[in-house]
Amino acid sequence: MAEEALVSEERTVDTQWGLICNQLKTEFGATAFDSWLKPLTVGDFNNGVMNICAPTAFMKNWVVTHYADRISKIWEQQNSSIKKINFIVQNGLSDRRSVDTSLLKKISSTPTPQNIYGCSINSSSFGLVAGASLANDTSRNTAAASPLNPNYTFENFVVGKTNEFAYAAARKVAEAKNVSFNPLFLYSSVGLGKTHLMHSIIWHIKKNDPNRNVIYLTAEQFVYKFVKALRYKDTAAFKEQFRSVDVLMVDDFQFMGNKGTTQEEFFHTFSSLVEEGKQVIISADKSPTDLEGIEERLKSRLVGGLVVDIMPTDFDLRMSILQKKAELMGIELPVKVAEFLAQKITANVRELEGSLKRIAAHSQLLSGKEITLDMTQDVLKDMLRSIDRKTTIDEIQKKVAEHFNISVKELQSSRRARTVARPRQVAMYLAKQLTSRSLPEIGRKFERDHTTVMHAVRKIEELIIEDQTLAENIEILRRTLEN
Ligand code: ADP
Ligand code: MG
């Protein structure tokens, strides 16, 4: 009896997954769906926890950052007995942080050299050579690469005050015959267009100069490939592959892993390319100096070219992006709705785009129902509720100033008196703890640079241990801010 129930539960789950897939395809489009969601399979379902399996660690991480929230939401709506969704890697290569040390062991226990990316390990499998013809290719060589997104082009990138410098630098690199700054280092917090610009550069190069040899990959893929090469004693081919490119692009450099042989290898590859006048382009979520776990000599090479950040969007840019995306999706977006979204969804462009996709999907499901403000508020209610709950730096400054009986102006001022300086450090500390803003972003709100913020955070971390009263004050502030 129990077994029957289990079998029927499994069936239900499979059917539900089918329905969910349909919905995800509508929301995210066929390209994204085929690249990232189609390869997922439903795993065990126990005690309310549902496992979803991805074929590689890279893919799992991508799905977790880009699609997990949405997948969980839809499951919950479909089946209330599902309490949690767990994303796992089928072949056991799961944790990016343990890659450097544990991967070697795991690889050595795999029976054939087929496993890491589902592709063989001869030297031809190294290159994630990006090109138009490979963009839709899901065969061996690109199985691990993030496929190029055909929509991530310069034409589709909306330029505003906060990203114009990054855009100009990316264009310059893409168009230049001679290298003018090397490397180009792009950084910003998540969802502000780094990957979009990286792909745009490749599309541009491939269109105008198809013979140029471009490798685009994430730092995580670089690590995997290097570890794999070490394991199979194939480092010569690895070096050859990477050192013979014209353009090397490494996305999400913060995942380069901790210091060690991989970084050492990267350092040499990087240096040799730069010396030969080959272009290197890197993106990360922090500036080179703020990157953790990266060797000093590598950091100092990384700042040797042009370092550009993309700042959080402003209202005007969000409006332009919404218009552009609506046009690309072929939907009519009333100005009132666009204004509402641009005011509410400020954290990053990915979320903004996500909200638009949900509205579009909803309207399409209801046979082209007109998009209105009411409908938008209804469709996005969960998202909006969680945004309303999010703490901002402005709010933190206001509450901290009130709590310590000083003004926000004083908090932002350059006064060093303890009565002002300590609350300022507390505010910086709370901003780091309670928001996803980077150190430079927090610094800007206090008219300070990122090192001051870093120092403040450390200082408070130390003081909390010794100073009971301060610890309590911070706890009270945290509670008021989180409510
Ligand atoms: P990052 O790599 O910085 O995390 P992405 O490049 O993945 O961010 O951008 C997230 C989403 O936002 C993508 O769909 C991208 O197309 C979109 N996006 C970001 N900035 C812009 C922009 N200025 N114009 C158009 N789309 C943008
Ligand atoms: Mg990215």
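A cavity is a set of points, on a 1 Å grid over the protein atoms alone, where a 1.4 Å probe fits but cannot get out, and its lining residues have an atom within 4 Å of a point. Grid points are joined across faces, edges and corners, and a volume is the space filled by probe spheres set on the points. The model is predicted, with local features needing pLDDT of at least 70. Residues are numbered from 1 along each chain as its sequence is written.

**View 1. The second largest cavity and its volume.** The structure holds 4 cavities of 30 Å³ or more. In the second largest cavity there is about 50 Å³ of space.

**View 2. The lining of the second largest cavity.** Among the lining residues are Tyr187, Asp285, Ile310 and Arg444. Because domain 2 (119-309) and domain 4 (393-482) both give residues to the lining, the second largest cavity lies between them. The domain bounds come from an automatic or database domain assignment.

**View 3. The surroundings of Gly43.** Gly43 is placed in strand β1 (residues 41-46). Beyond its neighbours within four places in sequence, Gly43 is in contact (heavy atoms within 4.5 Å) with Met50, Asn51, Ile52 and Cys53. Asn86 is 43 residues from Gly43 in sequence, and their C-alpha atoms are 9.5 Å apart in space.

Methods. Chains lettered and ligands numbered in written order. Predicted model: local features only at pLDDT ≥ 70, side-chain atom pairs only at ≥ 80, totals over all residues. Heavy atoms only, no water. 1 Å grid on protein atoms, 1.4 Å probe; cavity = no way out; pocket = protein on both sides within 12 Å on 5 of 7 lines; lining within 4 Å. Helix = DSSP H or I, 4+ residues; strand = E, 2+ residues; numbered from the N terminus.
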